[in-house]
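Here is a briefing on one structure. Please keep the sequence and the 3D view open while you read.

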Amino acid sequence: MFYTYDLKDYLEERNFYYQFEDFVPGPIVRTNDELIEEIKTMKNYDVEKIRTFKNRFFDDTDGCASERIVRELIQ
């Protein structure tokens, strides 16, 4: 689920490399009411689309992110 209350502003100021609505792997909600309704219903989730998104956009998903951050800060 992507809570994008500020999507219009973000697109105007920064934008994405890809069409946002096409590449996110879950429902897009823009208001608190939409967010609450989506949480209540918990539908529209394609696990394979989420897996593909994770593999494409997140390199280090091995559970060691905090360790890497601490190592960077200490060195």
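M42 counts as exposed because its relative accessibility is 52%; exposed means over 50% relative accessible area, buried under 20%, and partly exposed in between (1.4 Å probe, protein chains only). M42 sits in the loop between α3 (32–41) and α4 (47–57). This is a predicted model: local features need pLDDT of at least 70, side-chain atom pairs count only at pLDDT 80 or more, and totals for chains, interfaces and linings use all residues. Residues are numbered from 1 along each chain as its sequence is written, and side-chain values use heavy atoms, with hydrogens and water left out.

**Surface patch**

- M42 belongs to a nonpolar surface patch with M1, I39, Y45 and I50.
- Together these residues have about 440 Å² of accessible area, computed by the Shrake-Rupley method with a 1.4 Å probe, where for residues only the protein chains shown count as cover.
- Patch members have over 30% relative accessible area and no salt bridge; nonpolar side chains (Val, Leu, Ile, Met, Phe, Trp, Tyr) are joined within 5 Å, and like charges within 9 Å.

**Nonpolar core**

- The largest nonpolar core is made of five residues: L7, F20, F23, V24 and F53.
- A nonpolar core is a set of buried Ala, Val, Leu, Ile, Met, Phe, Trp, Tyr and Cys residues joined through side-chain atoms within 4.5 Å.
- F53 touches F2, F23, V24, P25 and F58, leaving out residues up to four places away in sequence; contact means heavy atoms within 4.5 Å.
- F20, another core member, counts as buried because its relative accessibility is 7%.

- T4 lies in the loop between β1 (2–3) and α1.
- Helices (H or I, at least four residues) and strands (E, at least two) are DSSP runs, numbered from the N terminus.
- T4 has a relative accessible area of 8%, so T4 is buried.
- Neighbours within four places in sequence aside, T4 contacts F20, I28, V29 and R30.

**Aromatic pairs**

- The whole structure holds 13 aromatic pairs.
- One of them joins Y3 and Y5: the pair is tilted, at 5.3 Å centre to centre and 50 degrees between the planes.
- Y3 is partly exposed, at a relative accessible area of 34%, whereas Y5 is exposed, at 58%.
- F16 and F20 form a stacked pair, with 4.9 Å between centres and 25 degrees between planes.
- F16 is partly exposed, with a relative accessible area of 29%.
- Rings of Phe, Tyr and Trp (its six-membered ring) pair if their centres lie within 6.5 Å; planes under 30 degrees apart count as stacked, over 60 as edge-to-face and the rest as tilted.
- Ring pairs also link F2, Y10, F16, Y18, F20, F23, F53, F57 and F58 into a cluster.

**Salt bridges**

- Side chains of opposite charge can pair when their charged atoms come close.
- A salt bridge here is a side-chain nitrogen of Lys or Arg within 4 Å of a carboxyl oxygen of Asp or Glu.
- The count is five salt bridges.
- One of them links R51 to E48, with the closest N and O atoms 2.8 Å apart.
- Both R51 and E48 lie in helix α4, three residues apart, about one turn of the helix.
- R51 is partly exposed at 42% relative accessible area, and E48 is partly exposed at 45%.
- D62 bridges to R68, the closest N and O atoms being 3.2 Å apart.
- D62 is partly exposed at 48% relative accessible area; R68 counts as partly exposed at 23%.
- R71 pairs with E67, where the closest N and O atoms are 3.0 Å apart.
- R71 and E67 are four residues apart in helix α5 (residues 65–74), so about one helical turn separates them.
- R71 counts as partly exposed at 40% relative accessibility, and E67 is partly exposed at 47%.

**Positions and distances**

- E13 is in helix α1 (residues 7–13).
- E13 counts as exposed because its relative accessibility is 67%.
- E13 and F57 are 44 residues apart in sequence and 21 Å apart in space, C-alpha to C-alpha.
- A65 is in helix α5 and is partly exposed, with a relative accessible area of 40%.
- A65 and K40 are 25 residues apart in sequence and 31 Å apart in space, C-alpha to C-alpha.
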